[in-house]
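Dear colleague,

I am passing the structure on to you with this message, and my notes on it follow below. Please read them with the coordinates open beside you.

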Amino acid sequence: MTTTAFKEPVREAAPGTAKRAPRRTGRIRRAGLPYLLLLPALVLELLVHLVPMVIGIVMSFKELTQFYIRDWGTAPWSGLGNYRVSVDFNAPVGKALLHSFSVTVAFTLLSVALCWLTGTAAAVFMQDGFRGRGLLRALFLVPYALPVYAAVITWVFMFQHDNGLVNHVLHDQLHLTGKPSFWLIGDNSFYALLTVSVWKGWPFAFLIVTAGLQNIPRELYEAAALDGAGTWQQIRRITLPSLRPVNQVLVLVLFLWTFNDFNTPYVLFGKSAPNAADLISVHIYQASFVTWNFGTGSAMSVLLLLFLLLVTAGYLLLTSRGRRASDG
Amino acid sequence: MRRIRAAATGAVTLSLALAATACGGGSATGGGSNDSPRTLTYWASNQGASIAVDQQVLGPELDKFQKRTGIKVKLEVVPWSDLLNRILTATTSGQGPDVLNIGNTWSASLQATGALLPWDAKNFAAIGGKDRFVGSALGSTGAQGKDPAAVPLYSMAYALYYNKKIFADAGISQPPATWDELVADGKKIKAGGKSVLGAEGGNLAENIHHVFVFAKQHGADFFTADGKPGFTAPKVVDAVKSYVDLMAKDKVIPTGDAEYAQNQSVSDFAKGKQAMLLWQSASANLKSQGMSEDAYGIAPVPVISGTPGTGTQVDSMVAGINLAVFKNTHNLDGATTFVKFMTSDEEQKILNKAYSTIPPVKSAQTDPAFGTPADAVLKNTLATSAAALPQVASESQFETAVGTAVKDLFADAAAGHAVTTDSVKAALEKAQQQMPAA
């Protein structure tokens with residue numbers, strides 16, 4: 001900066017160069033402008049994501065309990081203590097975390113698969129124009145548009161043992177169960193959670209796949225039909241391969257959302273979820289805000305973050321390799 | 001360029017400063033001041049049938065306070081399910097109300113955070129002295145040997161509410177005094193097509209209150225003398241099992257109640273579907289649901305021997321609400337004045353009448369308004385056969401951990417799985433393992 005300031009008057013003194021100097025400053029200004037424009041976003045990103053994340057990581061190395069939350073800076077350091085407790089699968093805390101992790105993995109895989117299947121099936125079905133398609137499409141998106149709390153609370157009412165609609169239909173009307181089942185407590189809670197999650201998640205898959213379908217040229221289908229390909233063959237040979245890039249992003253996003261979903265289990269079961277539906281997000285919440293072991297809760301969050309980063313990186317690597325291979 | 005750099009430096013500095021402030025936590029060691037003497041923020045717990053009812057009850061009293069002192073009280077009624085989390089957040093950020101209601105069983109847990117103003121001799125003197133309050137209520141205001149963290153505001157006790165008509169139809173002349181009698185009565189009641197006893201199997205705090213009383217009746221304690229969790233002691237296991245057995249073995253609690261957590265059992269009782277209810281100060285709630293006062297009777301909660309009393313014949317926890325002051329309030333004097341107002345004889349009578357609770361202030365308790373037969377049972381229970389939940393720092397965690405264990409056991413019973421000594425012990429062992437290391 002000093003050098004420039006020193007040089008400028010010298011240049012101004014030389015004839016013919018006077019005009020160039022302001023242009024140079026202008027160029028510098030123009031070069032700096034994008035950064036300036038980025039600044040608000042950068043500052044907000046720092047505030048909203050980075051700072052809490054760093055605080056969370058610091059907390060995970062501290063023995064943070066109710067005795068220190070008022071002034072958490074003074075909590076004693078515990079080194080890797082919280083991490084050791086979290087991954088010691090022979091001890092109670094680690095064992096419970098592992099259980100919750102397995103439940104979450106099973107739940108996520110099932111939920112994502114069902115969301116994708118339902119969404120894709122609906123999108124393919126809706127591909128051809130027919131009377132009332134617009135209305136049906138809007139109806140399909142209702143679960144996606146509803147506020148989570150309102151939607152899940154409605155499910156809570158429907159799942160109730162004595163007066164719920166689910167038992168009324170399954171038991172009273174269809175006689176499928178010997179006696180009314182419990183859905184919000186005990187082992188069935190897993191299926192209740194899965195049902196709500198799929199109901200809530202598939203419209204998003206439907207929306208994305210519908211968008212993806214619009215990009216497939218109709219001629220491909222016409223040509224295939226001329227060659228004698230049936231509907232199923234068209235789906236297998238044209239629709240699915242063309243949707244591959246869309247599906248790659250869709251599955252990843254659905255996976256991350258479902259794995260981290262907190263609202264659905266929390267509204268369904270409250271702060272103490274049944275064992276069968278003990279998702280990791282609520283489990284960590286419980287460790288932090290119910291038993292007030294904030295240090296351990298933070299360590300669990302960091303471990304979860306690392307796991308999700310690893311899965312995402314692995315997935316992206318795998319799918320990009322697959323794409324390169326298919327492109328080549 | 002220089003301007004850009006200056007702007008960048010400024011923005012980053014600002015963002016860091018903002019971040020540092022947003023983190024709070026780091027410097028919430030303030031001891032309170034009188035910087036804003038004209039206003040107070042008050043978080044009231046949801047006591048009435050709804051938040052609107054609370055606003056109707058408290059509004060005129062707060063106006064009265066403003067007329068007398070010139071201090072405006074900003075009221076927020078917080079639902080029970082949110083209250084503990086809200087207090088915790090306020091403790092962390094240092095941005096809380098000036099005065100707040102707390103569940104009396106949380107006193108020691110919240111005291112341990114250091115966020116509440118200790119009620120030492122000087123502070124108590126400012127509100128008329130410790131002697132004004134009933135002993136059992138003072139027993140739930142913080143850890144023993146420390147200055148209380150809060151002041152009692154409303155007192156409650158559990159009682160057995162029974163439907164007179166259902167009892168008469170079943171040929172039962174008086175309410176059961178022992179658990180055996182209750183089970184025997186249950187058979188007659190079920191023969192008439194009604195359910196016997198209500199429970200809130202999914203409500204963690206309700207579960208805790210009941211298993212605590214059962215433990216006392218079995219001569220057991222959830223915490224050892226030095227404040228460590230002792231959930232797996234054989235007598236504790238027996239006590240928890242005998243409570244869950246009311247559904248699993250004795251079949252007096254209907255299986256549907258295993259998932260109740262929104263006071264549905266109170267509604268079942270008010271609608272005349274169910275013969276009995278173990279509840280604390282239910283009168284106002286029953287009235288709001290249209291059940292007339294002469295339709296039900298109130299008796300002490302059954303015990304093993306039939307005669308409630310001190311020691312192992314405890315039939316209720318000391319239930320109630322305390323009033324606490326946040327240590328870093330900006331209106332310390334105003335907050336103390338407000339506590340004095342709320343615990344004055346006059347306000348105690350008005351508020352406890354509205355909520356059908358018992359005043360923890362002795363002089364207010366003698367008012368004839370609290371002399372009904374129902375109040376007599378509650379007052380007698382509080383005076384002779386109620387015990388305070390353990391006043392230990394990890395009490396709130398205990399409520400969640402053991403409350404969840406009981407909820408899971410009820411779920412097992414409802415699904416028809418056997419509830420055995422081993423399964424109860426396993427559930428309690430898991431709860432104990434979840435407790436924070438002291």
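**What was found**

In this predicted model, helix 9 (189-214) and helix 12 (263-269) of chain A are among the elements that cover the buried residues of helix 7 of chain A. Those buried residues of helix 7 (residues 148-158) are Ala151(A), Val152(A), Trp155(A) and Val156(A), and because they cover an arc of only 145° around the axis, they lie on the same side of helix 7 of chain A. The face of helix 7 of chain A that is turned away from this buried side carries the exposed residues Tyr149(A) and Phe157(A).

The largest nonpolar core has 95 residues, of which Tyr42(B), Phe222(B), Val240(B), Met276(B), Phe338(B), Met342(B) and Val402(B) touch the most other members. Helix 17 of chain B contributes the largest share of this core, with 10 residues. Once neighbours within four places in sequence are left aside, Val240(B) is in contact with Val211(B), Phe222(B), Val406(B), Leu409(B), Val424(B) and Leu428(B).

Chain B also holds an open sheet of four strands, in the order 6-7-5-8 and with mixed pairing. Strand 6 (195-198) and strand 8 (296-299) of chain B stand at its edges, and each has a single partner strand, so one side of each is left without a neighbour in the sheet. Strand 5 (residues 158-163) and strand 8 of chain B run antiparallel and are joined by four bridges, and Leu160(B) has Ala299(B) in strand 8 of chain B as its bridge partner. Helix 8 (residues 179-191) of chain B packs on the sheet, where it touches strand 5, strand 6 and strand 7 (274-280) of chain B, and its direction makes about 140° with that of strand 6 of chain B.

With best regards

Terms used
Residues are numbered from 1 along each chain as its sequence is written. Chains are lettered from A and ligands numbered from 1 in the order in which they are written. This is a predicted model: local features need pLDDT of at least 70, side-chain atom pairs count only at pLDDT 80 or more; totals for chains, interfaces and linings use all residues. Side-chain values use heavy atoms; hydrogens and water are left out. A nonpolar core is a set of buried Ala, Val, Leu, Ile, Met, Phe, Trp, Tyr and Cys residues joined through side-chain atoms within 4.5 Å. Buried means under 20% relative accessible area, exposed over 50%, partly exposed in between (1.4 Å probe, protein chains only). Helices (H or I, at least four residues) and strands (E, at least two) are DSSP runs, numbered from the N terminus. Contact means heavy atoms within 4.5 Å. Two strands pair if DSSP finds at least two bridges between them. Axes are lines fitted to C-alpha atoms, for helices over the stretch in contact, and angles run from 0 to 180 degrees between N-to-C directions. The arc is that of the directions from the helix axis to the C-beta atoms.
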